[in-house]
Every structure is written in C-alpha cells, then in structure tokens.
Amino acid sequence: MAPQWVLVCHGLVTLLVLVSFLCGHWPIFKGTPIQRIHQFITFGAYDYFLRFVGVVFGTKGTDAVLSVEYFCCDRPNPILQVLYLAILGGIYYLIAKSIFVYIPGYYLSGLHRYTSLLAVGVGLLLFLLTSFSDPGTVKAENVSQYLSAYPYDNIIYSEKECSTCKIPKPARSKHCSICNRCVSRFDHHCGWMNNCIGERNTRYFMAFLLWHFLICVYGTVAIVLVLVGRAKELRVIYILTVYYGIENSFFSLAPHVVQWLLSSYNTQILVTVFLGIVSLLLAGFFGYHAKLCLTNTTTNETFKWQEYVSWQKKLNEARASAAALKASLNGMSSERKPPESKWRSFFRKSPLEDVEVVVKSNMYDKGFIQNLSEIIFPLSTRASFTQTKSKSG
Ligand SMILES: [Zn+2]
Ligand SMILES: [Zn+2]
C-alpha cells in the first residue's frame, strides 16, 4: 500500500477511536457502531479481560485484578501523575533531540529553543499547583463559613450531613470517597492530578488545560514549520520535479513529498500527530469546562441536574396521564354531553402534550462576569468569607 494511504487509514482509525471514546455515549450515536466501540473501550474490554483472567487463573486471579483496580481507581495514588511527567518529559526529549538541530532554521529563530523550555516549565508549574493545592476542604472549623457562602437551593441541594465527616454538608460540596474528605464546590476527582478539583483549584485546573492546549498547538505548528523549512532548504520540490521528471502539481508531488517526510523525519511526524490529537482532546475538555465555569455549574452538578430533569419529566407525564384518565372517566359518566365530531376529536391535543417543560433554575448562575470572578477569586479566599467567621464565632 502506498505510504499516503497508510497515513489516511491511520488518521481515519485514530479519528474513529477518538470520536467513539469521547462522544459514543451521545444519544445521536445510539445503536450505531460508534456506540458499540465506545462501550467496548470504556468498560467492555476490561470486562472481557476480567472474564479471561477468571477462566485462566480462577477467582484468585480476578481478586488480584480487582485489588489492583481498587488501588489504581479508588485510592489516592500517583500513577497518572508519574505517567503525565513521563509523557511531558518524553515528548520534550524527542522534540529537543529531533527538532533542535534544525533551529534556527528557514522559518524559526533560535529563540524557540528557550521559549519551548519556558512553555514546558510553566505547564509543569500549573500541574504542581493543581495537584498540590487545597481544592477547598470543608472541615469542622470552616463549615459555618461555607454554609453561609453557599446557600441551599432546595432543588439539587438541601440540608444534609456528611455521614463520614460528621459535619453539615454545604451546598455544592461533595464527599470525595477517594480522598476521604468533603470538598466545597466539588467538580470531580482528577486522577491525573491525584487531587479533587474544587472551589479553590478550579482556576489552576483551567489554566493547566488552556496552557497545555496552547503548548500542543505551538509544538505542532513549530514542527510543521521546521519540516516545511527543511523542504525549502533542501529544494525538495525542485529535485522531485527535475530528477524524477514529474510535473509541479499537488497531486503528482504529494505522494513523493509524503514518502520523503516518512523516510527522513518519522520521529517528527509521530510527535506532530501525537501533539495534534492531544491538542484536539484538550480543546474539547477545556471548552466543556469553560462552559461549566461561565454558567457556574460543576461536572458533579450536571449529573444532579440530569437526574432532576428526568425525574420531573416522569412526574409531569404521570400527572398528565392521570388528568387524561380522569377526563375520559368524566366523559363516560356524562352521557348527556353531545358526541364530539370525528374531526374535532382528531385535531384535539393529546393530554400528554400538555406536559410542562422542566426548567433548570440554577440560582448559583449570577451572570458570566461574576461566575468567572468566582473561579478566579474563590469565595473562601475573599475577606467577606473570613468576616463570617468572626461574626459566627
Ligand atoms: Zn465528608
Ligand atoms: Zn478527591
């Protein structure tokens, strides 16, 4: 197979796997192969693996796998932190080894050797800040302040006590079973950071995502510029057209250029594809979280709202069908009523259509400027938060 077709196939397969993994659970893909691939990647493959271990090694084998899973997924551990550092270090090493020799080049100045190091350094700093900062732990000492800073909406949050910490649970907080603590404005527990993402460190987490997206785009563009620069310096187009006697058109040159790139710069191509894919993933993840931040919602709350909306819908449907049943019973009992014309009964609205639309009223959404300021300057870092303490204490 010609190298360009190998590349196209590789790209399509990568795209299919990525779309299936990230979006396969969307209702639009219901019943499609994309949904089946999503199920296989997310838990199907692991399930088959568990069954395989069970058949080959018996219950002792499955117990061992389950205890490894417990250690990796249900307890705080630095596995993904180490993996992040290895990926960051590995990619930077590959770039330094395979790209720095061509810098300064046709398009890039020597300055990029230092800016790339600075970019990675800032990324590492943001990683450490997110990983080791307090996400906003709710303790007996500060629970009263959190209770007044985050009032209950009595829709998705109502007065409750954390059964583990034995303290009242402020609205928007959640007990993280991995870290074993209550975290205010809990978003999610991030395995990569080995830390919860909550009220006080969502700002660092968002900065981390945005910065890493920018680094990946910077890296991709820089490597592409280096390769285009090499083609210019080596007069590749001229050589191909003159020595091979082919015409200077995109379709006749492209296969030869791809072949030249794959044979001479395979490491650089591999790094570019990796950075391109990671930047797409980061853009999607950052976009999703930016939307949550601007509407003052957390990942945890999106699940709570989903539950609330589906429950309310069911309730409304039940009410509407009860009303319809009552109306039809009334119709049967009032015999004197003249019979409704066929056309009128045909065009009459079904009582089920009267089901009210469930409205999500998020009282924590105070307009995107204030929502954003709550992310950058968390409520618990403000003077008003500490003043509540002196008033209550
Ligand atoms: Zn708790
Ligand atoms: Zn946690």
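This is a predicted model: local features need pLDDT of at least 70, side-chain atom pairs count only at pLDDT 80 or more; totals for chains, interfaces and linings use all residues.
Local features need pLDDT of at least 70, side-chain atom pairs count only at pLDDT 80 or more, and totals for chains, interfaces and linings use all residues. Residues are numbered from 1 along each chain as its sequence is written, while chains are lettered from A and ligands numbered from 1 in the order in which they are written.

Start with helix α6, residues 202-233. Helices here are DSSP runs of H or I with at least four residues, strands are runs of E with at least two, and both are numbered from the N terminus. α6 packs on helix α9 (residues 266-294) at an angle of about 150°, with the axes 8 Å apart. Axes are lines fitted to C-alpha atoms, for helices over the stretch in contact, and angles run from 0 to 180 degrees between N-to-C directions. That angle makes α6 roughly antiparallel to α9. The classes are roughly parallel under 35 degrees, roughly antiparallel over 145, roughly perpendicular from 65 to 115, and oblique for the rest. The crossing of α6 and α9 is left-handed; that is, the near helix is turned anticlockwise from the far one by less than a right angle, with clockwise giving right-handed. The residues of this contact comprise 17 nonpolar, nine polar and no charged. Nonpolar covers Ala, Val, Leu, Ile, Met, Phe, Trp, Tyr, Cys and Pro; charged covers Asp, Glu, Lys and Arg; the others, Gly among them, are polar.

α6 also packs on helix α4 (residues 112-132). The angle is about 155° and the axes lie 9 Å apart. So α4 is roughly antiparallel to α6. This crossing, too, is left-handed. On the α4 side, the contact includes A119, L126 and F127; on the α6 side, it includes F205, W211 and I215. Contact means C-beta atoms, placed from the backbone, within 7 Å. By class, the contact of α4 with α6 has 14 nonpolar, four polar and no charged residues.

The largest nonpolar core has 36 residues, and V183, F205, L209 and I223 have the most contacts inside it. Such a core is a set of buried Ala, Val, Leu, Ile, Met, Phe, Trp, Tyr and Cys residues joined through C-beta atoms within 7 Å. A residue is buried with 20 or more other C-beta atoms within 10 Å of its own, exposed with 12 or fewer, and partly exposed in between. Elements giving two or more residues include α3 (79-98), β3 (181-183) and α9. α6 gives the most, with twelve residues. Beyond its neighbours within four places in sequence, I223 touches I99, Q268, V271 and T272.

A further helix pair is α7 (residues 236-243) and α8 (residues 250-264). Their axes come within 11 Å and cross at roughly 120°. That makes α7 oblique to α8. The crossing is right-handed. V236, I237 and L240 in α7 meet L253, H256, V257 and W260 in α8.

Last, the backbone. Most residues other than glycine have a negative phi, and most peptide bonds are trans. The bond from I103 to P104 is cis, with omega near 0°. P104 sits in the loop between α3 and α4. R185 has a positive phi, near 45°, and lies in the loop between β3 and β4 (188-190). R185 counts as buried because it has 30 C-beta neighbours inside 10 Å. N194 has phi near 55° and belongs to the loop between β4 and β5. With 20 C-beta neighbours inside 10 Å, N194 counts as buried.

Key. Two residues are in contact if their C-beta atoms, placed from the backbone, lie within 7 Å.
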